[in-house]
Amino acid sequence: MSALEAVPRIESRSNRGSATWMVVPALVLLIGFFALPYLTIITMSLREASTRAVYGEGLTLSHYTTALGDFYIWGILGRTLLIGATVTVLSLLLGYPVAYHLAKSRSRWTSLLYIFVLSPLLVGLVVRTFAWMIILSNNGVANQALKAIGLITFPLQLMNNSLGVTIALTHVFLPFIILPLLGNLQAISPDLAMASRSLGASRMRTFWKVTLPLSMPGIQAGTILVFVLSISAYVTPAMLGGTGGRTMSVLVVQYLVDNFRWPAGAALAIIMAAVAVMFVGLYLKLTARAMRRLP
Amino acid sequence: MKLTRREFAVGMTTAIASMTLPRLASAQSSLVVPTYGGLWAKFWEEKLLPGLTSATGIQPQLDVGLGKDFVAKIRAGGDRSPYSIFMGNENIAAVLRAEGFFEPFDLTKVPNAQKTFPQFVNKDAKGIRAVVSPIGLAYRIDLVKTAPTSWHDLWENPEFKGKTGLYQIGNTGAVLFLRLVAELFGSGPDDFDTAFTKIKELLPFTQASWSGEVATALIRGDAIIAPVDWTEIMTLQDKGAPVAIVAPKEGVLAFEQSFNLVATGTEKDAAHAYLNYILDANVQQDMAKAFYTSPSNSSSVVDEKMSVRTPIVGPRMAEIKSYDWNSYVDKAAEIADRWNREMA
């Protein structure tokens, strides 16, 4: 091997070494603030329940078997996943056109639109949820408006159920799908769409056959983000969900904080996390397969 | 003089350390006092703690949160609690008491306990309910034709059907209401089957996690009647809201802030002095003026102006229904589960 050939290899080894070191802070953070707490929660979920101590002496799987054999818990888990899926689909349907417009627009008003997109994140969570309560309550703005134009005579139940939670979560998580999509759409070369048009494809066909497939990585990232955030949201379901829109996060907090049932609450948290990982994994696999099949 | 980067860094580190270390040192030796947010934190910061310092020399640190947060911190603290004194609703304090985190107060170090209404001093000094916020029936004066006079009105007045607000089971208010209903309609405050049957008759009702949320439901008109504490309703009245609150003829409920000595705390003498100060007649009177609690000290002066807005004072303190929570601790989880499943 010549000296010239050896140089890049030495550089590459050195790069590999420094790259490994660059991972260390994140790894420490992950172990310290993710793995260890999760390990603690898993351990707690295996403790016996007690009302005369924080937890009992022995270890048990009963919290898992009880939860998994309880239709009430399954119902709440199903509702949580349904809310997550609905919020994700709605966010995608509402967010894609906005991201597309922002990516293509050269208007001087674009920065204003950016502010609108980010606006849900600029207001405190509790304040924002209270605002939704004012809008969605039985005597709220939405019902008053519908009554005023004669569409309803009795107020619609817009909160204290899954509907209110879905509306408010879609509002707050919209930026989380728009921003990854925007980055992705901006990275797509405009030459590709132009080539498609010059070969005779219509605007719509170009979108379906060129732009949409190329924006799949952005869709995948954004939808996962919104889904995970939706199913783990606490404040919005707690304030707007009532009993009819109770989600797993609310139930877990109720077990842990309101009822001081740390072992049973920890088991519910682990079940929720496992289901989330399973769904996200399945979604990643399906979307990755779909992306491989794209033209 | 020209500073090098290294000299600047050393200088800054020393300066920051010199500012921080004395605080850390004092933090290690001072009493940490838990209290709630809002009006409570304001009163503690502006009046109570400065008063405590000038009366006793103790310089406590304030920790603002919820009773349940304090429980979590004491539990997580194991044999070294961050607090030497706990404040929380009596039903929540009962959980920690059952788990062995508390020990009795030495009442010789709390002379003001002698003047406290006896019903608020737990047996063997295992906790003193020092701050009392009575709960009555609050209603919208512009939307209710017949003002309530009895808890039974919730069931009997057709105006209230579907327009009642209740606390959800995570709030002490709901547990108190459950036991009241058990007592009113059943064989006693532990007759939970009867209580569930009767409360289900009130469905559909608005459920709220805390008093502020009940107040919001009343203001919006989603609920026109609700059991709420005087503090919340008087605060709403001060803002001009069309709400009133009555003491039902069967008696009132109350959020009773139970103060307990934490066995694993390190500042027990300071904790006794703090409780003694809280129980002081003037401090109790100041609290009543600030957020409409009912003085737990029998020698607190209650003038006519004050008693108009805070009527459950003096001899009327006997109207407060206090329950024993020691045995409830074992049933709490089952009752919360049942509420979640049946009150939907």
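At what angle do helix α2 (residues 39-56) of chain B and helix α10 (residues 268-278) of chain B pack, and how far apart are their axes? The legends below start there. The model is predicted.

**View 1. Helix α2 of chain B packs with helix α10 of chain B.** Two packed helices are described by the angle between their axes and the distance between the axes. Here the angle is about 115 degrees, and the axes of α2(B) and α10(B) are 10 Å apart. The crossing of α2(B) past α10(B) is right-handed. From α2(B), the contact uses B:Leu52, B:Ala55 and B:Thr56. From α10(B) come B:Ala273, B:Tyr274 and B:Tyr277. Five of these contact residues are nonpolar and one is polar.

**View 2. Strands β1 and β2 of chain B pair in the parallel sense.** Strand β1 covers residues 32-35, and strand β2 covers residues 61-64. Four bridges link the two strands. One bridge pairs B:Thr35 with B:Val64 of β2(B). Between the strands, the chain runs from β1(B) through α2(B) to β2(B). This β-α-β crossover is right-handed.

**View 3. Domain 1 of chain B touches domain 2 of chain B.** Domain 1 takes in 7-132 and 255-319. Domain 2 takes in 134-253 and 331-342. Their C-alpha centres lie 28 Å apart. The contact involves 14 residues of domain 1 and 11 residues of domain 2. On the domain 1 side, seven residues are nonpolar, five are polar and two are charged.

**View 4. Chain A meets chain B.** Chain A supplies 20 residues to the contact, and chain B supplies 21 residues. On the chain A side, helix α12 (residues 248-258) gives the most, with three residues. By class, the side of chain A that touches chain B has seven nonpolar, 10 polar and three charged residues.

**View 5. A cis peptide bond joins B:Leu203 and B:Pro204.** B:Pro204 sits in the loop between α7 (192-200) and β7 (206-208) of chain B. Most peptide bonds are trans.

**View 6. B:Ala125 has a positive phi.** The value is near 60 degrees, in a residue other than glycine. Most residues other than glycine have a negative phi. B:Ala125 belongs to the loop between β4 (102-103) and β5 (128-140) of chain B.

Key. Residues are numbered from 1 along each chain as its sequence is written. Chains are lettered from A and ligands numbered from 1 in the order in which they are written. This is a predicted model: local features need pLDDT of at least 70, side-chain atom pairs count only at pLDDT 80 or more; totals for chains, interfaces and linings use all residues. Axes are lines fitted to C-alpha atoms, for helices over the stretch in contact, and angles run from 0 to 180 degrees between N-to-C directions. A crossing is left-handed if the near helix is turned anticlockwise from the far one by less than a right angle, and right-handed if clockwise. Two residues are in contact if their C-beta atoms, placed from the backbone, lie within 7 Å. Ala, Val, Leu, Ile, Met, Phe, Trp, Tyr, Cys and Pro count as nonpolar, Asp, Glu, Lys and Arg as charged, and the others, Gly among them, as polar. Two strands pair if DSSP finds at least two bridges between them. A crossover is right-handed if, with the strands pointing away from the viewer, the path from the first strand over the helix to the second runs clockwise. Domain bounds come from an automatic or database domain assignment.
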